[in-house]
Amino acid sequence: MKQYILITAAAAIFMASCGSNQGGDKKAELEKLKTEYKSLGEKIKTLETEVNKGVKNENLIKLIQLTKIEPSTFNHYIESQGNVEAKDNVWVGTKMPGITVTKILVHEGMQVKAGQVLAEGDATATQNQLAAAEINLANGKTTFQRVENLWKQHIGTEIAYLQAKAQVESGEKQVEALKAQINYSKIIAPFSGVVDEVKIKEGEMVGMMSP
């Protein structure tokens with residue numbers, strides 16, 4: 001009976017000793033974790049402080065910028081609706097009535113200058129008259145030159161000299177008139193601008209009243 005009690009007491013002492021050792025290990029582990037937790041907390045705060053400083057510095061870099069001021073062209077456009085009316089708007093035709101259009105030299109939207117020929121009419125008859133008048137003028141000048149040379153040598157009469165001179169002057173005026181008549185068969189721009197509309201076709205009759 002005594003032997004049984006001793007064995008039991010020894011087992012109780014061993015169990016108590018094991019329980020005491022396990023409690024010491026947990027306490028040590030708890031203290032270790034607390035120390036690590038405190039150290040991690042301090043590291044976290046330090047890193048947060050450094051990160052916040054870096055973010056502030058980045059914001060400052062973005063907000064503050066230096067730019068060299070140089071002169072440059074500033075273009076500003078606005079859109080508006082309205083009606084545009086031409087300052088000079090005119091219908092043009094030939095100054096000679098009953099002319100057939102042979103050539104149209106422009107088209108709608110084309111930029112033209114003052115005096116530019118826009119279209120040409122048939123002036124064949126007038127051109128033939130001009131050719132004959134130029135031949136007569138050339139002959140008259142030749143005749144006048146001979147009469148003038150004789151007159152300077154006191155040969156011939158004054159009337160012959162004056163008639164030859166008058167014939168040359170008349171021939172020159174006739175040539176100028178025929179050239180002007182040929183120009184009347186053309187449609188000419190009275191001022192610089194843009195062709196807005198072409199209301200004639202080649203082969204049609206035009207005149208002063210037909211634009």
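Predicted model: local features only at pLDDT ≥ 70, side-chain atom pairs only at ≥ 80, totals over all residues.

Trainee: What makes Phe144 and Tyr161 an aromatic pair, and why is it called tilted?

Mentor: Their ring centres are 5.5 Å apart, and rings pair if the centres lie within 6.5 Å. The planes make an angle of 35 degrees; under 30 would be stacked and over 60 edge-to-face, so this pair counts as tilted. It links distant parts of the chain, with Phe144 in helix α2 and Tyr161 in helix α3, 17 residues apart.

Trainee: And how do you know what to call the pair of Trp151 and Tyr161?

Mentor: The centres are 6.0 Å apart, which is within the 6.5 Å limit, and the planes stand at 20 degrees, under 30, so the pair is stacked. Trp151 lies in helix α2 and Tyr161 in helix α3, so this pair ties together parts 10 residues apart in sequence. Phe144, Trp151 and Tyr161 form one aromatic cluster.

Trainee: Is Tyr161 buried or exposed, and how do you know?

Mentor: Its relative accessibility is 15%, and buried means under 20%, so Tyr161 counts as buried. Phe144 is buried too. Trp151 has 32%, which falls between 20% and 50%, so Trp151 is partly exposed.

Trainee: Which other residues of α3 are buried?

Mentor: Besides Tyr161, they are Ala164, Val168, Gly171, Val175, Leu178 and Ile182. The buried residues of α3 pack against α2 and β4. As background, an α-helix has 3.6 residues a turn, so residues three or four places apart point the same way.

Trainee: What makes His154 worth a look?

Mentor: His154 has a positive phi of about 65 degrees although it is not a glycine. Most residues other than glycine have a negative phi. His154 is found in the loop between α2 and α3.

Trainee: Why is His154 called exposed?

Mentor: Its relative accessibility is 74%, and exposed means over 50%, so His154 counts as exposed.

Notes: Residues numbered from 1 in each chain as written. Heavy atoms only, no water. Buried < 20%, exposed > 50% of the residue type's maximum accessible area, 1.4 Å probe, protein only. Helix = DSSP H or I, 4+ residues; strand = E, 2+ residues; numbered from the N terminus. Contact = heavy atoms within 4.5 Å.
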